[in-house]
Amino acid sequence: MNDYYLLRRAWERLRSPIDGWLLALIMALFALSLVVLFSASNQNLDKVINKMTFMLVALGIMWGVANVRPQTLMQLAVPGYIVGVLMLLGVALFGEVVNGSRRWLHVGVTRIQPSEVLKIMVPMMLAWYFQKHENALRWHHYLVGAVIIIIPSLFILKQPDLGTATLIMASGFFVLFLAGLPWKVMITGAVAFGASLPFVWNMMHDYQRKRVLTLIDPSSDPLGAGYHIIQSMIAIGSGGPTGKGWLSGTQTHLEFIPERTTDFIFAVYAEEFGLLGNLILLALYLLVIGRGLMIAAKATTLFGRLMAGSITLSFFTYAFVNMGMVAGILPVVGVPLPLISYGGTAMVTLLIGFGILMSIHKNRPLIKR
């Protein structure tokens, strides 16, 4: 009887911070990712097992974060942001160059990618800042918020890593928007951005300009810069209504699709499961987004609402940007398909975000401070 009681207490302890609906949707996406990865990797069981290992680690981290109270997260916002920016400075000065990009920093026996830390710390810092000034928000608070976003974004653009910088700027913008950024400011900013495009174009690296030109006309370099987009569009189109069947994608298994286990795994999925499979994947994503927005709407503090909203809308941005670039409507910027693509760093970052969502949901009755 005592053993049963202890096991029940342990189970309750494990289950208490977890949002059942959100966990079920995450597990459904994970199951789908293993099925697609097995085919995309040419039935490489080692890669599937490696992905499962990362999944278990990420789920454990998510559970740990879900047990952290939002008040504690607020206390970590400022030091976490400062440490993240200092690590980006360390990357700029001492970082390791891999494939022409300086993104990694050696710490002891391993190396880390500090830009992943900023995906969480930038919106957390902004949410803390606006919570602090909740009762007296003025235009200059939004200006300070913009500076908080710009500082790490410039470091990351310098690496260069346009995809991660885009995601961080988007997550920060979502906080500003949810904090009440006036529409006039957003329209003015959009006009100013449009006017600055010629200068932005001149500041871009050659490979980045080539990606934009390739987006407009992939056939201009079908065996070079346009190859990725052309092959992925062929794969998506050839899937038809129901797909060619699992393990039967010709573009995949004849190795026409590059990066098919990471950035372009959606092309593999669309070829083998067709429009019907795409609709199922979109439905799962929309349910995750809907659950996240529901948690944001029920949060009892401004910090909780801003964090939950930013995390949820950032997840939407991940999915939209990846599907858009694979379908040929956005430039190729190296953004993985959330929870589906192979790789551990982005997965851990996403599940830390989901852990924060669960923490906010669990502690929503708390009185505002």
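Me: Why is the crossing of α5 with α13 called right-handed?

Reply: A crossing is right-handed if the near helix is turned clockwise from the far one by less than a right angle, and left-handed if the turn is anticlockwise. α5 passes α13 in the right-handed manner. The helices, like strands, are DSSP runs numbered from the N terminus (H or I over at least four residues for helices, E over at least two for strands). This is a predicted model, in which local features need pLDDT of at least 70 and side-chain atom pairs count only at pLDDT 80 or more, while totals for chains, interfaces and linings use all residues. Residues are numbered from 1 along each chain as its sequence is written, and side-chain values use heavy atoms, with hydrogens and water left out.

Me: What term describes the angle at which α5 and α13 pack?

Reply: Their angle is about 150 degrees, with the axes 8 Å apart. Axes are lines fitted to C-alpha atoms, for helices over the stretch in contact, and angles run from 0 to 180 degrees between N-to-C directions. Angles under 35 degrees count as roughly parallel, over 145 as roughly antiparallel, 65 to 115 as roughly perpendicular and the rest as oblique.

Me: Which residues of α5 and α13 meet?

Reply: Contact means heavy atoms within 4.5 Å. Among the residues that meet are W128 and F130 in α5, and F303 and Y318 in α13. This contact has 10 nonpolar, 2 polar and 2 charged residues. Here Ala, Val, Leu, Ile, Met, Phe, Trp, Tyr, Cys and Pro count as nonpolar, Asp, Glu, Lys and Arg as charged, and the others, Gly among them, as polar.

Me: Why are α5 and α14 called roughly parallel?

Reply: α5 and α14 pack at about 25 degrees, with their axes 8 Å apart; they are therefore roughly parallel to each other. α5 also passes α14 in a right-handed crossing. The contact includes I120 and M124 of α5, together with I352 and I356 of α14.

Me: What makes a space a cavity or a pocket?

Reply: On a 1 Å grid over the protein atoms alone, a cavity is a set of points where a 1.4 Å probe fits but cannot get out, whereas a pocket is an open set with protein on both sides within 12 Å along at least five of seven lines. The structure holds 1 cavity of 30 Å³ or more. The volume of the largest cavity is about 180 Å³, a volume being the space filled by probe spheres set on points that are joined across faces, edges and corners.

Me: How is the lining of the largest pocket divided by class?

Reply: The lining of the largest pocket has 34 nonpolar, 7 polar and 2 charged residues. About 1,900 Å³ of space lies in this pocket, and the closest of its 43 lining residues to the centre are L157, L162, T166, M169 and F193. α8 gives the most to the lining, with 11 residues.

Key. 1 Å grid on protein atoms, 1.4 Å probe; cavity = no way out; pocket = protein on both sides within 12 Å on 5 of 7 lines; lining within 4 Å.
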